[in-house]
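Please have the sequence and the coordinates at hand.

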Amino acid sequence: MKAEIKKLIELQEVDKKNVDLQKKCAQLEKEIKELQTEIDKAQTEQKTAEDRLSETQKEHRRLERESEEKDVKIGKYKTQMLNLKTNKEYQAMQGEIKQEEAAKGALEESVIKALDLIEELQGKVKENKEKIKAIETNVGIQRKTKQDDLAQLQVQINAGLEVRTRIAGEISPRMIAEYTKLAQKRAGLAIAAVKNCTCQGCFINIPAQDYEELKVGDKIYFCSHCSRILYWYGAKQA
Ligand SMILES: [Zn+2]
């Protein structure tokens with residue numbers, strides 16, 4: 001087999017390995033980002049609970065104030081009642097007081113409901129805080145592992161690129177250009193083996209004459225269908 005073909009096969013293998021490593025890198029980077037998403041999600045949940053808590057506390061204060069105002073009003077009515085002259089006036093005032101007391105009762109119920117909700121939300125906020133802390137610890141560990149893996153992959157990629165530069169330096173610029181063009185067009189498979197007269201890139205049959213010449217291996221052949229650089233598969237084992 002022509003030395004250049006051998007080098008091209010090597011180059012393709014190194015490139016394939018590097019593409020796989022790059023994919024692994026991208027996957028790890030995605031996973032690292034997703035870890036942050038987990039924290040973000042828990043923090044958003046927490047923010048919602050905190051906002052709701054603060055709203056409820058405000059509402060609770062408003063209800064308390066209103067209830068106190070009712071007390072003042074009822075007290076005032078009761079004082080006024082002492083100075084009333086007629087029975088009719090007295091009854092009217094009593095009706096007013098009853099109405100205010102009913103309103104105050106409803107307010108008090110709302111106050112209790114608000115207090116229950118505050119308690120519930122405070123529990124949730126506290127629980128979330130613990131949850132976030134646990135997630136952060138867990139994410140920190142996972143992130144560290146993934147970042148270490150990423151660094152290791154980067155070392156492998158750099159080593160692979162060095163190998164690539166060395167191999168590429170031993171191939172003519174014309175063949176490198178051809179290879180690069182084909183690799184881009186053919187998803188990384190620029191050079192294909194021919195097995196039993198069949199191009200393993202596109203699975204079209206190669207004329208028997210070409211196949212015999214390919215076996216001899218002193219010329220460079222291109223597939224008439226997919227344009228890939230061809231080599232006889234048996235040569236690789238040789
Ligand atoms: Zn082909």
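Which residue in β4 is the bridge partner of phenylalanine 222?

## Strand pairing and the sheet

The partner is isoleucine 229. The model is a predicted one. Strands β3 and β4 run antiparallel and are joined by two bridges.

The sheet is open and consists of four strands, ordered β2-β1-β4-β3, with mixed pairing. At its edges are β2, residues 198–199, and β3, residues 221–222, each of which pairs on one side only. Helix α4, spanning residues 208–216, packs on this sheet and touches β1, β3 and β4. The direction of α4 makes about 75° with that of β4.

## Nonpolar core

In soluble globular proteins, nonpolar side chains tend to be buried together. The largest nonpolar core of this model has 21 residues. Those with the most contacts inside the core are Leu8, Tyr179, Ile191, Val194, Ile229 and Leu230. Two or more residues of this core come from each of α1 (3–82), α3 (173–185), β1 (191–195) and β4 (229–232).

Leaving aside residues up to four places away in sequence, tyrosine 179 touches Leu8, Leu11, Ala190, Ile191 and Ile229. Isoleucine 229, one of these contacts, is also the bridge partner of phenylalanine 222.

## Chain layout and domains

Five helices and four strands make up the secondary structure of the protein chain. Along the sequence they follow the pattern α-α-α-β-β-α-β-β-α.

The chain is divided into domain 1, residues 15–168, and domain 2, residues 173–237. Taken over C-alpha atoms, the centres of domain 1 and domain 2 are separated by 63 Å.

## Overall dimensions and burial

The C-alpha trace of the protein chain spans about 130 × 35 × 25 Å along its principal axes. The radius of gyration is 41 Å, whereas a compact globule of 238 residues would have one near 18 Å.

Of the 238 residues, 12% count as buried. Considering contacts between residues at least 6 apart in sequence, 74% join residues at least 24 apart.

Technical notes: Residues numbered from 1 in each chain as written. Predicted model: local features only at pLDDT ≥ 70, side-chain atom pairs only at ≥ 80, totals over all residues. Core = buried A, V, L, I, M, F, W, Y, C linked by C-beta atoms within 7 Å. Buried ≥ 20, exposed ≤ 12 C-beta atoms within 10 Å, placed from the backbone. Contact = placed C-beta atoms within 7 Å. Pairing = 2+ DSSP bridges. Axes fitted to C-alpha atoms, helices over the stretch in contact; angles between N-to-C directions. Domains from an automatic or database assignment. Rg over C-alpha atoms; globule rule 2.2 N^0.38 Å.
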